[in-house]
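Hello,

Here is the structure I said I would pass on. Please open it first, then read my notes below.

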Amino acid sequence: MQFSGKRKKLIGSSQNDLYGHCLQFYGQPPLDNISLAEFETLAVERLKLLKTVENLGVSYVKNSVQYSKKLEAEFTSLNFPLRTELGDQKVQGGTSEYEKRRKDHISHFILRLAYCQTEDLRRWFIQQEMDLFRYRFNDLSSKYKTDFLHKNNLKYETVSAEEKNILKDKLINSSYGLSGITVEEYDFYKVPFQDALDLVRTRKVYLLAGNAYIPHSEIVTIVLNDFRTRLSKALAMTARSLPAVQSDERLQPLLSHLSHAYVGQDYSIQKNIGKISLEQIDSLSGKSFPLCMRHVHKALRENHHLRHGGRMQYGLFLKGIGLTLEQALQFWRSEFVKGKVDADKFDKAYAYSVRHMFGKEGKRTDYTPYSCMKVILSNPPSQGDYHGCPFRHSDPELLKQKLQSYKISPSGINQVLELVKGMHYQLACQKYFELTHSVEDAGFSLNHPNQYFTESQKLLGGGRDIKKEVEMSQKGQENPSSMSRPSQESSKQAHEEMGDLDSFFQDE
Amino acid sequence: MANEDYNPACLPDLLPLYYRRLFPFPQYYRWLSYGGVSKNYFQNREFCFTLKDDIYVRYQSFSTQNELEKEMQKMVPYKIDIGAVYSHRPSQHNTVKSGTFQALEKELVFDIDMTDYDDVRRCCSAADICSKCWTLMTIAIHILDRALREDFGFHHLLWVYSGRRGVHCWVCDDAARKLSVAARSAVAEYLSLVKGGEDTVRKVVLSDPIHPFIKYSLSVVERYFPQYAIVEQDILGSKESVDKVLAPLPEDIKKDLTTFFQKVKNPMERWEELCTLVEHKKSSSKKGGQYFDKEIMLQYCYPRLDVNVSKGVNHLLKSPFSVHPKTGRISVPIDLKELDTFDPFEVPTISLICEELEKPRTDEVEDEDMKDKENEQDAGERRRIRDYKRTSLAKYVKVFDNFLEAMTRSRKGEMLKKSDLQKDF
Ligand code: SF4
Ligand SMILES: [Zn+2]
């Protein structure tokens, strides 16, 4: 296909111009002609790379040694460019560096087409591309970093020696690993705090009068901010020109397939709706709820109240396991009226938000049950809150006591706590699953509280708690494209996914 | 915190009078128009009225000050909330194509509510406050006000007593009103030190290096802590509360302290011993950077923000000069110059100011009224100004006036700068 409408082939020197650095800012769309087959291959491979980035970001601390190692392996196996110089391109028969860079360039632009269509897709794509970029930029030697800034014309205001001297102590105390000498030697950049939000949020920079003072070692933050701004503008533009692409009947199905590949099972389709009775909830919460839900459930029963964060997390989970709107209203009302809220007040102040969760009020968006990542990363609990992930948000000591009270063996508790210490919260939860269900290997990789529930019910035979049909429909929901799994599994999965795509194209 | 002069049952009778003769509409309109610089800024602003029996009426909007006045006098809201400035008139949000009606701007706001301090207050709980725990709000304002000005470079901060058990901050600078959701949450997180819910014992964790922002905040907390926490709250006075204070400490220090506390009952000496032990442990450990004493101080005194309120652009927040239906107190701006003596119990209730209005006056009112006959509207305006000036509301409207004046001044400054620049070319 022809990419940008201009039937122009790039020639020698400008090729090198375009790919003069192993990292790019993707300022110019590619002008090449490519076949539909290549189009597809490039897109799928970048998608695989982005999925890996996403999965690693969940399982490991970003930019930790393990994270980087695994990501590097994926770069090599998928032939994406990393830190090599263009000069060393003659590698024994392998893909040349030029081809890698071209692939990086074109595949990025293909996914822009597929991922510009909705707010959700854009957000996902930007997030993964940013993580990818951060990793690659950090991986560059200092010389190449400067080179990159230079080539892409990125200039930032530096702090004068005089000002650095005045602020010396403050600069040292705002960043890790800085000393008086490094402050003198290294460049600091002054940017509006809005351009360095991640550093502001974590208090890793000095702030004065609305400016963030960024040490050279953190310059990736400003570059990334630029990257994000440009990418999100570009996606908005692409979205506007999309109708033309969509009218291409060969591309349209491919693009929509690509964009659907990103989300795992979202547990918002309720095939098991109405199969659970309210009386079962107490017993289910002990047997099949993950700890996060068991906790909010207990807190709700004890306090007859939950604050907003808890209501959202738990309410959507309950929706996901199959409560109907009527049941949900009854459930919340009967609990709240035992507390300080009377039925009338409930109907006025809370019923709305329950209906909202089911998409019956307001914007009528059908809210999706929270994934582990969402529970773990967004909206941490504060005073008076019981939501969140106990593996992430409880003090280890309290978690230990809880596990003891649930009769987990001391060695089991140690294993769980060990995983928590390494910040592998979902793995800790999975270990807890294995311990409480007496299985050696859970046989799935946990990424959603509703998945925990489904898997638990499957193991417990489901029969006693939920009627047969549910089990069936859960099988139906076991979507093979739930791709958010740790890397080993995921490459296998992605192959299946590609098989799918292949067959799709043979049909044409 | 019941107060003798206010009875919630009278609210329906008092509100019409309040909205007719006391509510500072001109200033209010002036505030939310922000100098008329951006088109339709006031017109596209959402107001939410809470009527009798908790009936919420969202998406109210008004085209002029006059319309706002008329509507408020007609609907007589129990409570007024302010929302975002939208892409279209909120009152017409149903008629615009779905998806195009969007919240564009809003002041950056903070909500500090005393109920969030329940685990560290011994004097009161839930919605109750007293002059002892009010110190927490004073500390909060000192810390946040400094940081928002010096660290973030904002100038136009309006601090408002919520009317019951907390304070709100409205950051009104242009740049603040334009902040994205991500930026708002980053600011709120930068300002949050106390983390964790019911399941967290050690809610503040400090490590080296200590960021300048935390140092400043600590210096404020340290100023209040001994008198407030050790003496007034007496947190080291009873077994139960001692256990709570010591909970986040490492076992060895805990043990030593428990022995020490058996001998020594004086709370201040107990606290000093705690600090000594922490200091000692710190100097003898290679790791350095253990700040258990400071962490406790922050856990007990550092401001607790409701991050969700600050994050959302379309979040509603109770308006200044709205009445608190339970206490009857007016939500008034706080004068930071007198922050340390601000007493929430001195804030006038609607009954008080309505009563003050009814009191016969001795001066030359009649006379002027005659003169103003020709120009009814003007007279109305002027009379209202005289009206609130006769009540205890006057002093708080004055604070509001000063705030507005400062904004106007800096807006003019900006405009001069711009036109100077143009002349240069
Ligand atoms: S890991 Fe997921 S399912 Fe398990 S407790 Fe945390 S949020 Fe819940
Ligand atoms: Zn009190």
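Four helices of chain A, namely H14 (291-303), H19, H20 and H23, each supply at least two residues of the lining of the largest cavity. Keep in mind that this is a predicted model.

The cavity holds about 100 Å³ of space. The whole structure has six cavities of 30 Å³ or more. A general point on method: rolling a probe the size of a water molecule over the atoms shows where empty space is left.

In the largest cavity, 14 residues form the lining. Nearest its centre are A:Cys292, A:Cys372, A:Cys389, A:Phe391 and A:Cys429. By class, the lining has 13 nonpolar residues, one polar and no charged.

What sits in the largest cavity? Ligand 1 does. Helix H19 (372-377), helix H20 (390-393) and helix H23 (425-436) of chain A each give two or more residues to the shell around ligand 1. Among the residues around ligand 1 are A:Pro290, A:Val375, A:Pro390, A:Gln426, A:Leu446 and A:Pro449. The shell also includes A:Cys292, A:Cys372, A:Cys389 and A:Cys429. Its classes are ten nonpolar, one polar and no charged.

**A buried arginine**

Next, look at A:Arg102. This residue is in helix H4 (residues 97-115) of chain A. Is A:Arg102 buried or exposed? Its relative accessibility is 15%, so A:Arg102 counts as buried; the cut-off for buried is under 20%. Leaving aside neighbours within four places in sequence, A:Arg102 is in contact with A:Tyr19, A:Asp32, A:Ile34 and A:Glu38.

**Backbone points to check**

Most residues other than glycine have a negative phi, and most peptide bonds are trans.

A:Lys407 is not a glycine, yet has a positive phi of about 65°. You will find A:Lys407 in the loop between helix H21 (396-405) and helix H22 (410-421) of chain A. A:Lys407 counts as exposed because its relative accessibility is 72%.

B:Val76 also has a positive phi, near 50°. This valine lies in the loop between helix H3 (65-75) and strand E3 (79-86) of chain B.

Which bond joins B:Asp208 and B:Pro209? A cis peptide bond, with omega about -10°. B:Pro209 is in the loop between helix H6 (181-190) and helix H7 (212-232) of chain B.

Best wishes

How values were computed
Residues are numbered from 1 along each chain as its sequence is written. Chains are lettered from A and ligands numbered from 1 in the order in which they are written. This is a predicted model: local features need pLDDT of at least 70, side-chain atom pairs count only at pLDDT 80 or more; totals for chains, interfaces and linings use all residues. Side-chain values use heavy atoms; hydrogens and water are left out. A residue is near a molecule or strand if one of its heavy atoms lies within 4 Å of it. On a 1 Å grid over the protein atoms alone, a cavity is a set of points where a 1.4 Å probe fits but cannot get out, and a pocket is an open set with protein on both sides within 12 Å along at least five of seven lines; lining residues have an atom within 4 Å of a point. A molecule sits in a cavity or pocket if more than half of its atoms lie within 2 Å of its grid points. Ala, Val, Leu, Ile, Met, Phe, Trp, Tyr, Cys and Pro count as nonpolar, Asp, Glu, Lys and Arg as charged, and the others, Gly among them, as polar. Grid points are joined across faces, edges and corners, and a volume is the space filled by probe spheres set on the points. Buried means under 20% relative accessible area, exposed over 50%, partly exposed in between (1.4 Å probe, protein chains only). Contact means heavy atoms within 4.5 Å.
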